[in-house]
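Please look over the sequence and the model below before reading on. The paragraphs that follow walk through the fold piece by piece.

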Amino acid sequence: MVVGLLASWLWVTGARAQEPEPVAAAPEVEPPPTWRFKQKERPVKVVVLAGSIGAWPKQPYAERLAEMCSNVEVRNLSKVGFGALQLKQRFKQQFLENPYVNLRDPELEYWLVFQGGLNSVGTPERTNHDIRELFTLAHARGLKVVAFSLTPWGDDTDPKRWAGAAGLRYLRATRTVVDFVLGALAPQQALGDYARKRAAGADAPWQPEELPEVAVDLYRSSLRAEAARCATSRRCAPR
């Protein structure tokens, strides 16, 4: 139920928060982390990692998650404009390499809540490769993973991304990232040439550590009103 409520909030805020770029820049080097989890009475520790949706400043869903769950303490590592590679690097720098986070404490349970990849969606196979490595890193350190897919995004008045053949490319790229997160593609479909970098081999089926424990489809969510009229464009008439 909590995941459902969180997904609803994430989907609603997503349309306002997301503004993608075709290819993400190289990861930035951040200062060493100094933060720590402080609430001993909340044994479930959650790291939220996303792009603009997670970093949305008005009632961010990381805060709502903490409000809904009395035993959960949340740290929000989301960053505006970050693609999959940058998010993976931020997770390593700010969480896995954080000396103030005790991942060996048997009294604590750790989760990663992930929703990202839009800012690198122009290179979907590379994006999926970085997300897969992120999930693998998290599982190797004992975290469980909840992953939300990308939401619908864009505007058909945007000639750079959504006019003509470019629109088809972005549509296919978005669906490739969405369907990987949901586990609906075979490794070579999701990763292309990057499938050769898998420890199990390019032709092997997905391994448990490469996919989330819980995957939520926001792209085809019932929250999306297919027949709703667009308030700003006559081209958004019901289909």
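Ring pairs join W35, F37, F91, F95 and Y110 into a cluster. Two rings of Phe, Tyr or Trp (for Trp, the six-membered ring) count as a pair if their centres lie within 6.5 Å; planes under 30 degrees apart are called stacked, over 60 edge-to-face, and the rest tilted. The model is predicted, so local features need a pLDDT of at least 70 and side-chain atom pairs count only at pLDDT 80 or more, while totals for chains, interfaces and linings use all residues. Residues are numbered from 1 along each chain as its sequence is written, and side-chain values use heavy atoms, with hydrogens and water left out.

The structure holds 10 aromatic pairs. In one of them, the ring centres of F114 and F135 are 5.7 Å apart and the planes stand at 90 degrees, so this pair is edge-to-face. The pair links distant parts of the chain, since F114 is in strand 3 (residues 109–115) and F135 is in helix 4, 21 residues apart. Helices (H or I, at least four residues) and strands (E, at least two) are DSSP runs, numbered from the N terminus. Buried means under 20% relative accessible area, exposed means over 50%, and partly exposed is in between, with a 1.4 Å probe and protein chains only.

A further pair is formed by W153 and Y170, with centres 5.7 Å apart and planes at 85 degrees, so it is edge-to-face. W153 lies in the loop between strand 4 and helix 5, and Y170 lies in helix 5, so the pair ties together parts that are 17 residues apart in sequence. W153 is buried at 13%, and Y170 is buried at 12%.

Next comes the interior. In soluble globular proteins, nonpolar side chains tend to be buried together. A nonpolar core is a set of buried Ala, Val, Leu, Ile, Met, Phe, Trp, Tyr and Cys residues joined through side-chain atoms within 4.5 Å. The largest such core here has 42 residues, and those with the most contacts inside it are L49, F91, F95, L112, F114, V121 and L143. Two or more residues each come from strand 1 (44–50), helix 3 (84–96), strand 3, helix 4, strand 4, helix 5 and helix 6. Helix 5 gives the most, with six residues. A second, separate core of 16 residues includes A50, Y61, V113 and V146. What does F95 touch, not counting residues up to four places away in sequence? Its partners are W35, F37, V47, L77, R90, V101, L103, Y110 and L143, where contact means heavy atoms within 4.5 Å.

Helix 5 (residues 164–181) has 18 residues and spans 27 Å from its first C-alpha to its last, close to the 26 Å expected. The expected span is 1.5 Å times one less than the number of residues. Its buried residues are A166, G167, Y170, A173, T174, T176, V177, V178, D179, F180 and V181. They pack against helix 4 (124–140), strand 4 (144–148), helix 6 (187–191) and strand 5 (214–216).

Two of these residues can be followed further. G167, in helix 5, is buried with a relative accessible area of 8%. G167 touches R161 and W162, not counting residues up to four places away in sequence. D179, also in helix 5, is buried at 16%. With the same exclusion, D179 touches A184, L185 and R220. After helix 5 comes G183, whose phi is positive, near 75 degrees.

Five strands form an open sheet in the order 2-1-3-4-5, with parallel pairing; two strands pair if DSSP finds at least two bridges between them. The edge strands, strand 2 (72–76) and strand 5, each pair on one side only. Strand 4 and strand 5 pair in the parallel sense over three bridges, and V146 stands opposite V214 in strand 5. Helix 2 (residues 61–68) lies across strand 1, strand 2 and strand 3, running at about 175 degrees to strand 2. Such angles run from 0 to 180 degrees between N-to-C directions, and the axes are lines fitted to C-alpha atoms, for helices over the stretch in contact.
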